[in-house]
Number of protein chains: 2
Amino acid sequence: MTSKAEAPAASSPAGEPIQCDVMILGSGLAGSITGAILARQGAKVALVDAGHHPRFSVGESQNPQLVEWLHILAVRYDVPEIKYLLDIKAVTKNLGAHHGRKQSFGFVSHRPGREPDPREATMFIIPKMLTEATHMHRQDTDAFYLAVAAKYGCVVRQDWRATDIDFDDDGVTVTSAGGEVFRAKYLIDASGFRSPLAQKFSLREQPSRLKHHARSMFTHYVGIKPYDEVCNYPADLLPPQESPFHGGTLHHVIERGWFWIIPFNNHPDSRNPLCSVGLTFDERTYPKPKDMTPDQEFNKYLDMYPAIKRQFEGASRVREWVSTDDRIQYSSKQTVGPRWCLMSHAAGFVDPLYSRGLSNTFEVVDALCWRVLDALRDNDFSVERFEYVERLEQGLLDYNDKIVNASYIAFDHFRLWNAVFRVWACFTTPATMRLVKARQDWLLEGKNDDVFKRMENAPYPGLWWPDSHAFKYLLDTTHETCERYEAGEIDGDKAADLVFEAIRNCESVNTPFGWKGPEDLRYFRASTPTMIKFLWWCSTQAPGEMRDLGRSFVSGTVRQALRGKKLT
Amino acid sequence: MTSKAEAPAASSPAGEPIQCDVMILGSGLAGSITGAILARQGAKVALVDAGHHPRFSVGESQNPQLVEWLHILAVRYDVPEIKYLLDIKAVTKNLGAHHGRKQSFGFVSHRPGREPDPREATMFIIPKMLTEATHMHRQDTDAFYLAVAAKYGCVVRQDWRATDIDFDDDGVTVTSAGGEVFRAKYLIDASGFRSPLAQKFSLREQPSRLKHHARSMFTHYVGIKPYDEVCNYPADLLPPQESPFHGGTLHHVIERGWFWIIPFNNHPDSRNPLCSVGLTFDERTYPKPKDMTPDQEFNKYLDMYPAIKRQFEGASRVREWVSTDDRIQYSSKQTVGPRWCLMSHAAGFVDPLYSRGLSNTFEVVDALCWRVLDALRDNDFSVERFEYVERLEQGLLDYNDKIVNASYIAFDHFRLWNAVFRVWACFTTPATMRLVKARQDWLLEGKNDDVFKRMENAPYPGLWWPDSHAFKYLLDTTHETCERYEAGEIDGDKAADLVFEAIRNCESVNTPFGWKGPEDLRYFRASTPTMIKFLWWCSTQAPGEMRDLGRSFVSGTVRQALRGKKLT
C-alpha cells in the first residue's frame, strides 16, 4: 500500500486535462501534509495554491493534541517526515533552529490603566512526559512540507488560482486563471476563509451560527522582553522557576480579548530572534477605528496596559500588521459533498485561543485520508462514506465555540475565568492520553488500522475527549453559566461558584493535578511524579471512563516496555 | 563606537517626518546587513522595502571571496551574526539545516542531441583551507538578517514603496505610497533593477555599456538526481571521489548559455530537499518564444541535452518559473552622488556565472559603510568622500563583464573554454588570500582600521585581485582573444593557444595547482598538501606581487600561531 505515488504527468498536451486522483486546493500545512499522505499511499495528487511559498502565516503554537495527531498521521500513513514536528528538539534538528518552545499556556489578567494583580494569573504547564511542544515558525514549516509533498510525488502549482470547478458523476474538472486544466476524482478544499468551494456552493452560514465574536491584528516583533523580567511580581507569586511565562505561549487577558506573545527565541538552540504578537478582541466591544493605523491602534492598547507595554520597550516590528476588518468567525452549513470536502479552515474558524486550529485540522486530515484512499480503491465516492467527517468538522467548530465564547465572557471576572480555565485545562491531559493509547494499541495489535477507526465510535465527535459524557456535561454547564452571567442573570462570583462546583462534581476531573483544589492554585504543573500519581489515581481510584482510559494507558505502556518495543 | 543604535522613533505625529541618519531602500541581504552594520555602529537607520519577507530569491551560491568579505564585515564592524554565513557548519547551526554545500564550481560542456564528452568537463574545487562554502537558501538567510537589522535598532518597514524622494542641502525626504515620511541625512538604494534612485536621476545607461547579453529563467525543484549518478562517465574521467559534481554548484555549459544546478540537499546535515535550477542564455541566440510556457520552453532544452534531462527524471518543480522577458544586464553612468549611493545591484548586474553577485555586493558594503559612518560623524557628505565607491562599483561591473563575456564566447569551443576557465579560476585563490591577509594584519596591528583602508590603494578597483598588473593583463588579453574569435578573425584552437600561452607567460599564475599544466588537467583540487606546496612556492619561487602576497600571508599566519591568537 505504501509507496511513492506515480506523479500525474507534470504537463499535458494543449486541451487535454492533467489526470489525477485527488486535487487539493491550498498548500498550507494542512494541504501539504494531506498531499504528502495521499501521494505516499499511492494516490496521484495535484496540490495547487493561489499564492506561493515562502509566506508568513500564523497558527504557530502547538498544543499536546496536535502533537499526538501528527504522530498518529506519521505512523498510520507512513510519512516519517511528519515526526519532525513532534517536539522542539526534532523540529530544530530537522527543520532548523528557527522555532520556539511551548512549555506552557500562561494567562495574565489585565485591567486598563492598572498594574496587573500577580494573583490574577494562571498557567497550564504541558507535562514533559507527553511532549515538549513547539512554537512553529510557519514560513519554514509550511515551505518544508510543500517540498515533502512534492517529494512524494504531488504535482505542485503555485500562483494558481482555480477559476472554474465543474463536478460531474465521474469527477471534477478544475481550471486555473492561466487556463491549465486538471481532472480529478476527488477535490479537497484545504484553503481557508476564501474557499473556492464554499463560494461555489454558497456553503457559508450568513451570519455564522458561532456565538463567539472577535477581530484580530498580528505581526512579528524582534526584541520583545520576557514578561518575567518586566512584571515585577513577588517571587512567591511567579510561576515555577522551571516554567517562566516566556517559556511558552503567553496570553495577556483583557475584557473580551487577549494578546498573544509567542516567542521563537525562547529555546537555547533557537537562532530566530522573532516573537509572534497578536491581539484578538471582540469587535462589538472594540470596533475597528477608521482613522488609525494599526501601529497607532496597537499602541493605544499598550498604553492602557502598562505591564504589557514594558514587554515592548525597545522592540521593533519586522513585518507589517495584518489587521482584519471584520469578525474572523465563520462556519459552513455543509462540509462534505459528492466528491468534495471542505477541510478544516475552509469549513470554519473560531479563534486562535487555546491553539486548537491545527489540532482540529489534523484530526480532520486523519479522518479524511483513509476514507479518500478507500474511496479511490473502491471507486466509490458516495457521501455517506464521508458522513463522519461532516459530523467531526461541525463538532470541532461547535465545541471550540463553546469553550472560547465562555472564556471571552469570563475574561473580565478573574474568579470566573479561573474556573473556565480549569474546565479547558483539566481535559487536555486525558484528551491527549486517549491519542497516545490509540497509537500504543495500534502497535500492540500489529499495526491494526481498525484501532484508529474504532476511535471514531464516540458520541461527541469534535469534543476533545469525545467519549466523555462527564466532560460534555461540564462544558455545557460552564457555557450556560457564562451565558447567564453575560445576560446579567447572575453575577460573576455566583457564576464562578457554579463552575467550580461543576468541576468538583465531575467524576472524570482528576484530583492529583489539583483541578478540584483551592482557587489560589493557579499554576498547574504536571511534573513526572505528578503524572505518575495521576496514572496511579486513574488506574485505582478514578471512576468509570477515566479509570478505563487510565488503566489501558498504563497497561499498554507496561506491555510495550516488557516487549522492549519503543513506541514509534 | 560600537553600540546598539538608538532607533529612530517608530512612528511620528501626523505631518512630522520620522528622523533618521541613514535610509536604506531594499531589505535583501545587502540592505539588511548594511542596516545591521550602520545601526550597530550607532547610526539611526530606517530599512524599508517595497515587498516583504519571507520571499524567494536567487543568488544562492557563495564564492570564496564572498566568505572573506563577510568575515571582514563581521570583525571590522563588530556584527558577529554575519559570521553565521562563513561556512556550511555555521550556517546550519545558526540559521538551520536548510542549506547546501558549495564544495566546487563544476562545468560540463554539452552539445545538442548528444551525450557529453566526459573529457569536456572542468572543476575548481574550493580549498577547504579557505572555506567550506554554502548554497544559501535565500528565503531563510534574507529573513534572518532582516531580523538582525531590526535587533540592532533599524526601523523596518515592508510593503513600503517610496513614491517621493526629495534631496536638499541638508538631507533627503522620502515618502511612501501610504503617506509615511522619513527624513534622512543619507540614502542608500540597495534595491535592484527597479531602483527608485536610478529612475529619479535617469542613471541607467541606455543601452548598457556591458558587452555581455543573456536572459534567464529559474525556479526550485525537488528530486533532482546528482549528475554523478546519471552521467555514465568512465570512472577515471569523473571528478575526484571526495568532490563529486553534486557536491557544489554544477554548470551545464551550452553554446552561449548555461544551466545552474545548486542543490540544498547535498550536505549530510541538510533537511532541505530542494535544488535551485536556472538557465541563463544569450537572448540574441535564444529569443524568448511568445507561444510557450516556461515549462514547455525548459523541457525543449532538456530534450536537447539528454544527460541533463536524466537529472530531471522524476523531479518536480515546487515553485513557478521566473522567466525574464529581456536581457538581464544593466549598468548606471553614476552610482554615488550628493547624499546618495546606488549600491551594487541597484547600480548594475552582469550574470550569475561564477557567483560573483554577492561578493561584489559585500565589497561595496565594506567600502561604503565606513565612509557613511565618517560622513555622519563629520556631518560632511561631499561626493569626493565616496569617489572610491564609484570607481569600485564601475570596476566590478566592467571586470565581471569581461570574464563573463569571454566565457560565453568560449562556451562552444571546449579548448578555448578550458583556457578561459583557468583564467577565472587561477586568480580565485590569491584574490581570497589577499582578504584573509588583510584580516590577519588588522588583528596583528591591534584592530587597526587603516589596514582595511590601505587595501583600497589598488590600481584596479573591482578586479578580484586589484593590485595585480599581471592579472589585469591576462584578463584583458583573454577577453580580446575571445572577441577576435567571436569576430571570426581567428579560429577557436588558435584562440585557445593564445590564452593558454598567456596563462603560461603570466608570472603570477601559480604552478603547484596545475594552471600552467597540460590541457587534460581539468579537475583542479587544492588539497591541503597542495595548498602548503603553493604557499611554499609563493614564499620562495613566485615572482613579484605573488611572492609579496604569499610571504606576508604565511608570515601573518605563523605570527598569529606563535601568539596563540585565533584568527577571529
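Which residues does B:His220 touch, not counting residues up to four places away in sequence? In this predicted model, B:His220 touches B:Phe56, B:Glu60, B:His137, B:Phe264, B:Leu274, B:Cys275, B:Ser276, B:Arg317, B:Val318 and B:Arg319. One of these neighbours, B:Glu60, also makes a polar contact with B:His220, side chain to side chain, at 2.8 Å. B:His220 belongs to strand β11 of chain B, which covers residues 215-222. Its relative accessible area is 2%, so B:His220 counts as buried.

**Helix α2 of chain B**

Helix α2 of chain B runs over residues 64-76 and has 13 residues. From first C-alpha to last, α2(B) reaches 18 Å, close to the 18 Å expected at 1.5 Å a residue. The helix is mostly covered, with 13 of its 13 residues buried. Just after α2(B), B:Asp78 takes a positive phi of about 60 degrees.

**The interface of chains A and B**

The size of an interface is often given as the accessible area lost when the parts come together. Between chain A and chain B the buried area is about 2,900 Å², and carbon and sulfur atoms give 50% of that area. A:Pro54, A:Arg271 and A:Glu320 supply 20% of the area that chain A buries against chain B, more than any other three residues.

In terms of contacts, 38 residues of chain A meet 38 residues of chain B. On the side of chain A that touches chain B, α3 (88-95), α4 (138-151), β8 (155-157) and β17 (316-317) each supply at least two residues. The largest share, eight residues, comes from α4(A). By class, this side of chain A has 16 nonpolar, 11 polar and 11 charged residues.

**Salt bridges**

Over all chains the count comes to 84 salt bridges.

| Pair | Distance |
|---|---|
| A:Lys89 and A:Glu132 | 3.6 Å |
| A:Asp282 and A:Arg256 | 2.8 Å |
| A:Asp467 and A:Arg434 | 3.2 Å |

The salt bridge between A:Lys89 and A:Glu132 links distant parts of the chain, 43 residues apart. A:Lys89 is in helix α3 of chain A, and A:Glu132 is in the loop between β6 (121-125) and β7 (133-135). A:Lys89 has 53% relative accessibility and so counts as exposed. A:Glu132, at 32%, counts as partly exposed.

A:Asp282 and A:Arg256 form a salt bridge between two loops of chain A. A:Asp282 lies between β16 (274-281) and α7 (294-304), and A:Arg256 between β14 (249-254) and β15 (257-263), so the pair ties together parts 26 residues apart in sequence. A:Asp282 and A:Arg256 are both buried.

A:Asp467 counts as partly exposed at 31% relative accessibility, whereas A:Arg434 is buried at 10%.

Elsewhere, A:Asp374, A:Arg377, A:Asp378, A:Asp380 and A:Arg385 are joined into one network by salt bridges that share partners.

How values were computed. Residues are numbered from 1 along each chain as its sequence is written. Chains are lettered from A and ligands numbered from 1 in the order in which they are written. This is a predicted model: local features need pLDDT of at least 70, side-chain atom pairs count only at pLDDT 80 or more; totals for chains, interfaces and linings use all residues. Side-chain values use heavy atoms; hydrogens and water are left out. Contact means heavy atoms within 4.5 Å. Buried area is the accessible area (1.4 Å probe) that two parts lose on being put together, summed over both. Helices (H or I, at least four residues) and strands (E, at least two) are DSSP runs, numbered from the N terminus. Ala, Val, Leu, Ile, Met, Phe, Trp, Tyr, Cys and Pro count as nonpolar, Asp, Glu, Lys and Arg as charged, and the others, Gly among them, as polar. Buried means under 20% relative accessible area, exposed over 50%, partly exposed in between (1.4 Å probe, protein chains only). A polar contact is a pair of N or O atoms within 3.5 Å; within protein, one must be able to donate a hydrogen and the other to accept it, and residues adjacent in sequence count only if both atoms are side-chain atoms. The expected span of a helix is 1.5 Å times one less than its number of residues. A salt bridge is a side-chain nitrogen of Lys or Arg within 4 Å of a carboxyl oxygen of Asp or Glu.
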